[in-house]
Amino acid sequence: MAEGDAKTSRSDTRFGQGFLTDIWYFAALSSELKAGKLARYEILGEPVMLGRSPAGQVFALKDICPHRAAPLSAGRFTTEAGGAQSVECPYHGWRFGADGGCTAIPSLVDDQTMDVGRIRVRRYQVAESQGLVFVWMASEARREAEPTEPAPTFPGVVGGAPKLVDRMAFDSHIDHAVVGLMDPAHGPYVHQQWWWRSAKSQHEKAKRFEPRDAGFSMVRHEPSKNSRAYAVLGGEPLTEISFRLPGLRWEHVTVGKRQVLSLTCLTPVHATKTRITQIIWSDHPAFALLKPLIAAGARAFLRQDGEMVNLQNQGLKYDPALLWVDDADRQAKWYQQLKREWTASRNEGRPFVNPVEPATLRWRS
Ligand code: FES
Ligand SMILES: [Fe+2]
(Lines give C-alpha, C1' and ligand atoms only; values in the text may rest on other atoms or scores of the structure.)
(Ligands and ions follow the chains in the order given, each with its own letter.)
Protein backbone atom coordinates (compact mmCIF):
# COMPACT_ATOMS: atom_id res chain seq x y z
CA MET A 1 0.00 0.00 0.00
CA ALA A 2 1.30 3.47 -0.88
CA GLU A 3 2.18 5.88 1.88
CA GLY A 4 -0.66 8.17 0.82
CA ASP A 5 -3.20 5.43 1.41
CA ALA A 6 -1.78 4.76 4.84
CA LYS A 7 -2.16 8.45 5.69
CA THR A 8 -5.72 8.91 4.57
CA SER A 9 -6.84 6.04 6.77
CA ARG A 10 -5.00 7.32 9.83
CA SER A 11 -8.04 8.52 11.79
CA ASP A 12 -10.23 5.67 10.58
CA THR A 13 -11.52 3.83 13.67
CA ARG A 14 -12.80 0.66 11.99
CA PHE A 15 -11.06 -2.59 12.87
CA GLY A 16 -8.05 -3.08 10.63
CA GLN A 17 -8.00 0.60 9.58
CA GLY A 18 -6.37 3.78 10.87
CA PHE A 19 -3.99 4.18 13.81
CA LEU A 20 -4.25 5.25 17.43
CA THR A 21 -2.62 8.62 17.97
CA ASP A 22 -1.55 10.70 20.97
CA ILE A 23 0.15 7.61 22.33
CA TRP A 24 3.67 6.20 22.68
CA TYR A 25 4.83 3.73 20.05
CA PHE A 26 7.88 1.53 20.53
CA ALA A 27 10.46 2.70 17.97
CA ALA A 28 13.83 1.12 18.68
CA LEU A 29 16.12 -0.43 21.24
CA SER A 30 18.53 2.02 22.83
CA SER A 31 21.37 -0.20 21.66
CA GLU A 32 20.36 0.31 18.01
CA LEU A 33 20.91 4.06 18.28
CA LYS A 34 24.62 4.68 18.58
CA ALA A 35 25.94 8.08 19.59
CA GLY A 36 26.54 10.30 16.55
CA LYS A 37 24.38 8.12 14.28
CA LEU A 38 21.12 8.78 12.43
CA ALA A 39 18.62 6.13 11.38
CA ARG A 40 15.49 6.09 9.25
CA TYR A 41 12.28 4.40 10.43
CA GLU A 42 8.75 4.43 9.12
CA ILE A 43 6.04 4.69 11.77
CA LEU A 44 2.30 5.06 11.02
CA GLY A 45 3.25 5.71 7.40
CA GLU A 46 5.53 8.63 8.35
CA PRO A 47 9.28 8.67 7.79
CA VAL A 48 10.92 9.30 11.15
CA MET A 49 14.61 9.95 11.67
CA LEU A 50 15.89 8.80 15.03
CA GLY A 51 19.22 10.15 16.08
CA ARG A 52 21.49 10.07 19.08
CA SER A 53 23.68 13.10 19.45
CA PRO A 54 27.38 12.61 20.17
CA ALA A 55 26.46 13.71 23.72
CA GLY A 56 24.02 10.78 23.98
CA GLN A 57 20.66 12.52 23.61
CA VAL A 58 18.02 10.69 21.55
CA PHE A 59 15.73 12.79 19.36
CA ALA A 60 13.37 12.30 16.43
CA LEU A 61 12.64 14.48 13.41
CA LYS A 62 10.53 13.96 10.34
CA ASP A 63 12.91 12.37 7.86
CA ILE A 64 12.18 14.79 5.02
CA CYS A 65 14.32 17.88 4.53
CA PRO A 66 12.00 20.91 4.13
CA HIS A 67 14.20 22.15 1.26
CA ARG A 68 13.87 19.44 -1.37
CA ALA A 69 12.91 16.36 0.60
CA ALA A 70 16.21 14.51 0.96
CA PRO A 71 16.18 12.21 4.01
CA LEU A 72 17.99 13.88 6.88
CA SER A 73 18.91 10.42 8.15
CA ALA A 74 21.32 10.17 5.20
CA GLY A 75 23.13 13.24 6.53
CA ARG A 76 25.49 13.59 9.46
CA PHE A 77 26.13 15.39 12.69
CA THR A 78 28.14 18.62 12.56
CA THR A 79 29.31 20.93 15.29
CA GLU A 80 28.09 24.54 15.17
CA ALA A 81 30.45 27.41 16.00
CA GLY A 82 29.00 27.59 19.53
CA GLY A 83 29.63 23.89 20.08
CA ALA A 84 26.02 22.72 19.60
CA GLN A 85 25.46 19.61 17.48
CA SER A 86 23.19 19.79 14.47
CA VAL A 87 22.11 17.49 11.66
CA GLU A 88 23.38 18.38 8.21
CA CYS A 89 21.23 17.45 5.19
CA PRO A 90 23.24 15.39 2.67
CA TYR A 91 21.92 17.35 -0.35
CA HIS A 92 22.71 21.07 0.21
CA GLY A 93 23.95 21.04 3.77
CA TRP A 94 21.07 22.82 5.48
CA ARG A 95 21.49 22.23 9.20
CA PHE A 96 18.87 21.49 11.85
CA GLY A 97 19.02 21.33 15.62
CA ALA A 98 17.54 18.50 17.65
CA ASP A 99 14.43 20.68 18.12
CA GLY A 100 13.88 20.72 14.35
CA GLY A 101 14.77 24.40 13.89
CA CYS A 102 16.96 25.28 10.90
CA THR A 103 20.31 26.69 12.06
CA ALA A 104 22.05 27.33 8.74
CA ILE A 105 21.62 27.46 4.96
CA PRO A 106 25.18 27.35 3.61
CA SER A 107 24.26 28.69 0.14
CA LEU A 108 23.27 32.10 1.54
CA VAL A 109 25.81 34.90 1.01
CA ASP A 110 26.33 37.61 3.61
CA ASP A 111 23.76 40.16 2.43
CA GLN A 112 21.06 37.56 1.72
CA THR A 113 19.21 38.00 4.97
CA MET A 114 16.81 35.26 5.77
CA ASP A 115 15.41 34.17 9.09
CA VAL A 116 16.45 30.53 8.81
CA GLY A 117 15.11 29.78 12.30
CA ARG A 118 11.56 30.06 10.94
CA ILE A 119 12.17 26.94 8.84
CA ARG A 120 11.32 23.90 10.91
CA VAL A 121 11.27 20.14 10.55
CA ARG A 122 8.58 18.39 12.51
CA ARG A 123 9.93 17.12 15.79
CA TYR A 124 8.58 14.06 17.61
CA GLN A 125 8.75 13.69 21.35
CA VAL A 126 10.84 10.72 22.41
CA ALA A 127 11.31 8.86 25.67
CA GLU A 128 14.09 6.46 26.52
CA SER A 129 13.97 4.12 29.49
CA GLN A 130 14.79 0.48 30.28
CA GLY A 131 16.83 0.34 27.06
CA LEU A 132 13.77 1.15 24.92
CA VAL A 133 13.01 4.21 22.82
CA PHE A 134 9.41 5.32 22.36
CA VAL A 135 8.07 7.99 20.01
CA TRP A 136 4.94 10.00 20.77
CA MET A 137 2.76 10.02 17.67
CA ALA A 138 0.52 13.08 17.96
CA SER A 139 -2.87 13.29 16.29
CA GLU A 140 -2.09 16.49 14.46
CA ALA A 141 1.02 16.29 12.36
CA ARG A 142 1.66 20.02 12.67
CA ARG A 143 1.31 20.15 16.42
CA GLU A 144 4.38 19.27 18.43
CA ALA A 145 2.16 18.00 21.19
CA GLU A 146 3.58 17.35 24.63
CA PRO A 147 2.93 13.77 25.75
CA THR A 148 0.04 13.52 28.18
CA GLU A 149 1.50 10.51 29.96
CA PRO A 150 4.88 8.94 30.66
CA ALA A 151 6.18 6.20 28.34
CA PRO A 152 5.35 2.65 29.43
CA THR A 153 7.67 0.74 31.75
CA PHE A 154 7.73 -2.99 32.41
CA PRO A 155 8.37 -5.36 35.31
CA GLY A 156 11.20 -7.86 35.05
CA VAL A 157 13.72 -5.86 33.01
CA VAL A 158 16.59 -7.63 34.78
CA GLY A 159 19.91 -9.27 34.09
CA GLY A 160 21.49 -6.42 32.12
CA ALA A 161 21.25 -6.41 28.33
CA PRO A 162 18.38 -8.38 26.75
CA LYS A 163 19.04 -12.09 26.41
CA LEU A 164 17.30 -12.14 23.08
CA VAL A 165 16.08 -9.64 20.49
CA ASP A 166 14.15 -10.82 17.48
CA ARG A 167 12.63 -8.72 14.74
CA MET A 168 10.09 -9.55 12.11
CA ALA A 169 7.53 -7.77 9.98
CA PHE A 170 3.98 -8.98 9.41
CA ASP A 171 2.20 -7.97 6.22
CA SER A 172 -0.86 -6.90 8.13
CA HIS A 173 -2.46 -3.97 9.87
CA ILE A 174 -1.52 -3.67 13.54
CA ASP A 175 -5.06 -4.65 14.61
CA HIS A 176 -4.75 -8.08 13.03
CA ALA A 177 -1.25 -8.50 14.42
CA VAL A 178 -2.37 -7.59 17.98
CA VAL A 179 -5.39 -9.86 17.90
CA GLY A 180 -3.31 -12.65 16.41
CA LEU A 181 -0.82 -12.46 19.27
CA MET A 182 -3.45 -12.39 22.05
CA ASP A 183 -5.62 -15.08 20.48
CA PRO A 184 -5.67 -18.10 22.84
CA ALA A 185 -7.36 -20.56 20.46
CA HIS A 186 -4.83 -20.79 17.63
CA GLY A 187 -2.06 -22.45 19.66
CA PRO A 188 -3.00 -26.09 19.05
CA TYR A 189 -3.30 -25.44 15.30
CA VAL A 190 -0.48 -23.00 14.54
CA HIS A 191 2.12 -23.83 17.21
CA GLN A 192 2.48 -27.56 17.35
CA GLN A 193 6.15 -28.01 18.24
CA TRP A 194 6.71 -30.94 20.61
CA TRP A 195 8.57 -28.87 23.19
CA TRP A 196 5.70 -26.46 23.54
CA ARG A 197 2.69 -28.69 23.75
CA SER A 198 1.03 -31.68 22.24
CA ALA A 199 -1.76 -31.01 19.73
CA LYS A 200 -3.85 -33.75 21.24
CA SER A 201 -3.86 -32.34 24.73
CA GLN A 202 -6.45 -29.63 24.49
CA HIS A 203 -7.75 -28.66 27.89
CA GLU A 204 -10.44 -26.42 29.17
CA LYS A 205 -8.79 -23.28 30.52
CA ALA A 206 -10.17 -20.74 32.95
CA LYS A 207 -8.05 -17.60 33.40
CA ARG A 208 -8.68 -14.56 35.47
CA PHE A 209 -8.28 -11.16 33.80
CA GLU A 210 -8.34 -7.66 35.19
CA PRO A 211 -8.00 -4.15 33.76
CA ARG A 212 -4.54 -2.54 33.94
CA ASP A 213 -3.38 0.87 32.68
CA ALA A 214 -4.47 1.14 29.06
CA GLY A 215 -4.98 -2.60 28.77
CA PHE A 216 -5.51 -5.75 30.81
CA SER A 217 -3.67 -8.66 32.42
CA MET A 218 -4.20 -12.35 32.70
CA VAL A 219 -3.33 -12.28 36.39
CA ARG A 220 -0.44 -14.23 37.81
CA HIS A 221 -1.08 -17.98 37.65
CA GLU A 222 0.64 -21.33 37.17
CA PRO A 223 1.27 -22.01 33.47
CA SER A 224 -0.96 -24.63 31.87
CA LYS A 225 0.08 -28.19 32.51
CA ASN A 226 0.23 -28.83 28.75
CA SER A 227 2.84 -26.09 28.23
CA ARG A 228 6.21 -27.80 28.33
CA ALA A 229 8.57 -24.90 27.73
CA TYR A 230 8.25 -23.65 31.31
CA ALA A 231 9.79 -26.90 32.56
CA VAL A 232 13.32 -25.69 31.68
CA LEU A 233 12.94 -22.98 34.30
CA GLY A 234 12.54 -25.58 37.05
CA GLY A 235 10.91 -24.67 40.35
CA GLU A 236 7.34 -23.54 40.33
CA PRO A 237 6.98 -20.81 37.72
CA LEU A 238 4.20 -18.27 37.86
CA THR A 239 3.30 -16.19 34.88
CA GLU A 240 1.37 -13.01 34.18
CA ILE A 241 0.51 -11.90 30.66
CA SER A 242 -0.37 -8.28 30.00
CA PHE A 243 -1.43 -6.16 27.09
CA ARG A 244 -1.58 -2.42 26.69
CA LEU A 245 -2.30 -0.03 23.88
CA PRO A 246 -1.19 0.57 21.26
CA GLY A 247 0.44 -2.86 20.76
CA LEU A 248 2.53 -3.99 23.73
CA ARG A 249 2.23 -7.47 25.11
CA TRP A 250 4.44 -8.99 27.74
CA GLU A 251 4.74 -12.16 29.72
CA HIS A 252 6.41 -11.86 33.10
CA VAL A 253 7.47 -15.19 34.59
CA THR A 254 8.77 -15.53 38.12
CA VAL A 255 10.50 -18.61 39.52
CA GLY A 256 11.31 -17.84 43.12
CA LYS A 257 13.54 -14.76 42.95
CA ARG A 258 14.37 -15.24 39.26
CA GLN A 259 12.46 -13.52 36.49
CA VAL A 260 11.90 -13.75 32.76
CA LEU A 261 10.27 -10.95 30.81
CA SER A 262 9.26 -11.53 27.22
CA LEU A 263 8.08 -8.27 25.66
CA THR A 264 6.51 -8.08 22.22
CA CYS A 265 6.24 -4.59 20.70
CA LEU A 266 4.09 -4.01 17.64
CA THR A 267 4.76 -0.85 15.65
CA PRO A 268 2.78 0.00 12.53
CA VAL A 269 5.06 0.74 9.59
CA HIS A 270 2.02 1.61 7.50
CA ALA A 271 -1.53 0.39 7.02
CA THR A 272 -0.55 -3.10 5.89
CA LYS A 273 2.82 -3.67 7.52
CA THR A 274 3.59 -4.09 11.20
CA ARG A 275 7.02 -4.34 12.75
CA ILE A 276 7.38 -6.86 15.55
CA THR A 277 10.19 -6.65 18.06
CA GLN A 278 10.47 -9.35 20.65
CA ILE A 279 12.81 -8.79 23.57
CA ILE A 280 13.59 -11.17 26.41
CA TRP A 281 15.31 -10.21 29.63
CA SER A 282 16.15 -12.64 32.38
CA ASP A 283 18.35 -13.26 35.37
CA HIS A 284 17.49 -16.97 35.31
CA PRO A 285 20.58 -19.20 34.97
CA ALA A 286 18.80 -21.36 32.38
CA PHE A 287 19.43 -18.61 29.84
CA ALA A 288 23.18 -19.03 29.96
CA LEU A 289 22.85 -22.55 28.62
CA LEU A 290 19.62 -22.52 26.69
CA LYS A 291 19.89 -19.19 24.94
CA PRO A 292 20.22 -20.64 21.40
CA LEU A 293 17.31 -22.99 22.01
CA ILE A 294 15.12 -20.25 23.40
CA ALA A 295 16.04 -17.94 20.51
CA ALA A 296 15.16 -20.63 17.95
CA GLY A 297 11.92 -21.35 19.76
CA ALA A 298 10.83 -17.71 19.90
CA ARG A 299 11.66 -17.31 16.21
CA ALA A 300 9.68 -20.42 15.28
CA PHE A 301 6.66 -19.01 17.09
CA LEU A 302 6.82 -15.65 15.34
CA ARG A 303 7.39 -17.24 11.95
CA GLN A 304 4.36 -19.50 12.38
CA ASP A 305 2.23 -16.49 13.30
CA GLY A 306 3.58 -14.59 10.29
CA GLU A 307 2.75 -17.47 7.94
CA MET A 308 -0.78 -17.56 9.32
CA VAL A 309 -1.10 -13.79 8.73
CA ASN A 310 -0.16 -14.37 5.08
CA LEU A 311 -2.84 -17.02 4.76
CA GLN A 312 -5.37 -14.83 6.53
CA ASN A 313 -4.63 -12.01 4.07
CA GLN A 314 -6.04 -14.18 1.30
CA GLY A 315 -9.42 -13.79 3.00
CA LEU A 316 -9.00 -10.27 4.37
CA LYS A 317 -8.46 -8.77 0.93
CA TYR A 318 -12.19 -9.28 0.30
CA ASP A 319 -12.90 -7.12 3.36
CA PRO A 320 -15.21 -9.66 5.03
CA ALA A 321 -17.08 -9.06 8.27
CA LEU A 322 -15.37 -10.91 11.16
CA LEU A 323 -17.04 -12.96 13.88
CA TRP A 324 -15.84 -12.66 17.46
CA VAL A 325 -16.78 -15.64 19.61
CA ASP A 326 -16.75 -15.57 23.42
CA ASP A 327 -14.76 -16.35 25.42
CA ALA A 328 -11.80 -17.08 23.13
CA ASP A 329 -12.17 -13.75 21.29
CA ARG A 330 -13.04 -11.66 24.33
CA GLN A 331 -9.55 -10.19 24.54
CA ALA A 332 -9.87 -9.12 20.91
CA LYS A 333 -13.14 -7.41 21.81
CA TRP A 334 -11.47 -5.68 24.77
CA TYR A 335 -8.74 -4.46 22.46
CA GLN A 336 -11.36 -2.83 20.26
CA GLN A 337 -13.13 -1.29 23.29
CA LEU A 338 -9.80 0.02 24.60
CA LYS A 339 -9.03 1.59 21.25
CA ARG A 340 -12.44 3.25 21.03
CA GLU A 341 -12.10 4.64 24.57
CA TRP A 342 -8.57 5.86 23.87
CA THR A 343 -9.75 7.80 20.81
CA ALA A 344 -12.88 9.12 22.56
CA SER A 345 -10.96 10.27 25.65
CA ARG A 346 -8.33 12.06 23.49
CA ASN A 347 -11.03 13.73 21.39
CA GLU A 348 -12.89 14.86 24.50
CA GLY A 349 -9.75 15.93 26.33
CA ARG A 350 -10.49 13.80 29.38
CA PRO A 351 -8.66 10.99 31.21
CA PHE A 352 -8.82 7.49 29.77
CA VAL A 353 -11.28 5.24 31.62
CA ASN A 354 -10.43 1.57 31.19
CA PRO A 355 -13.56 -0.16 29.84
CA VAL A 356 -12.40 -3.70 30.75
CA GLU A 357 -14.29 -5.42 33.61
CA PRO A 358 -12.53 -8.10 35.66
CA ALA A 359 -13.58 -11.49 34.31
CA THR A 360 -12.70 -15.16 34.22
CA LEU A 361 -12.52 -16.32 30.61
CA ARG A 362 -12.91 -19.96 29.63
CA TRP A 363 -11.88 -21.71 26.45
CA ARG A 364 -10.41 -24.98 25.18
CA SER A 365 -6.89 -24.96 23.80
S1 FES B 1 17.29 18.89 0.33
FE2 FES B 1 18.09 19.21 2.27
S3 FES B 1 19.40 20.87 2.01
FE4 FES B 1 18.49 20.67 0.07
FE1 LIG C 1 0.87 -17.33 17.89
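Across the interface of domain 1 and domain 2, the rule finds 1 salt bridge, where a salt bridge is a side-chain nitrogen of Lys or Arg within 4 Å of a carboxyl oxygen of Asp or Glu. That bridge-forming rule also picks out E32 with R167, whose closest N and O atoms are 3.5 Å apart. Before we go on, please keep in mind that this is a predicted model, in which local features need pLDDT of at least 70 and side-chain atom pairs count only at pLDDT 80 or more, while totals for chains, interfaces and linings use all residues. Residues are numbered from 1 along each chain as its sequence is written, chains are lettered from A and ligands numbered from 1 in the order in which they are written, and side-chain values use heavy atoms, with hydrogens and water left out.

Now for the two domains themselves. The protein chain is divided into domain 1 (10-137) and domain 2 (164-364), with bounds that come from an automatic or database domain assignment. Taken over C-alpha atoms, their centres are separated by 32 Å. Contact here means heavy atoms within 4.5 Å, and 25 residues of domain 1 are in contact with 29 residues of domain 2. The size of an interface is often given as the accessible area lost when the parts come together. For this pair of domains the buried area is about 2,200 Å², with 69% of it on carbon and sulfur atoms; buried area is the accessible area (1.4 Å probe) that two parts lose on being put together, summed over both. Of the area that domain 1 buries against domain 2, F15, L20 and F26 supply 33%, more than any other three residues.

Let us turn to the interior. A nonpolar core is a set of buried Ala, Val, Leu, Ile, Met, Phe, Trp, Tyr and Cys residues joined through side-chain atoms within 4.5 Å, and buried means under 20% relative accessible area, with exposed over 50% and partly exposed in between (1.4 Å probe, protein chains only). The largest such core has 49 residues, of which I43, L50, F216, F243 and L245 touch the most other members. Helix 2 (residues 174-182) gives the most to this core, with 6 residues. At least three residues of the core come from each of domain 1 and domain 2. A second, separate core holds 18 residues, including F134, W250, L263 and I279. As for I43, setting aside residues up to four places away in sequence, its contacts are A27, V48, V135, M137, T267, P268 and V269.

Helix 2 deserves a stop of its own. Helices (H or I, at least four residues) and strands (E, at least two) are DSSP runs, numbered from the N terminus. Because 8 of its 9 residues are buried, helix 2 is largely enclosed by the rest of the structure. Those buried residues are I174, D175, H176, A177, V178, V179, L181 and M182. S172 counts as buried because its relative accessibility is 2%. Leaving aside neighbours within four places in sequence, S172 is in contact with A177, A271, T272, K273, T274, V309 and N313.

Four strands form an open sheet in the order 5-6-7-8, with antiparallel pairing; two strands pair if DSSP finds at least two bridges between them. Strand 5 (76-79) and strand 8 (102-104) are the edge strands, each pairing on one side only. Inside the sheet, strand 6 (residues 85-88) and strand 7 (residues 95-96) pair in the antiparallel sense over 2 bridges, and E88 stands opposite R95 in strand 7.

The side chains of E80 and R95 meet in one of them, at 2.9 Å from N to O. This pair links distant parts of the chain, with E80 in the loop between strand 5 and strand 6 and R95 in strand 7, 15 residues apart. E80 is buried, because its relative accessible area is 16%. D326 forms a salt bridge with K333, the closest N and O atoms being 3.0 Å apart. D326 is partly exposed at 40% relative accessible area, and K333 is partly exposed at 26%. Finally, salt bridges that share partners join E210, R212, R220 and E240 into one network.
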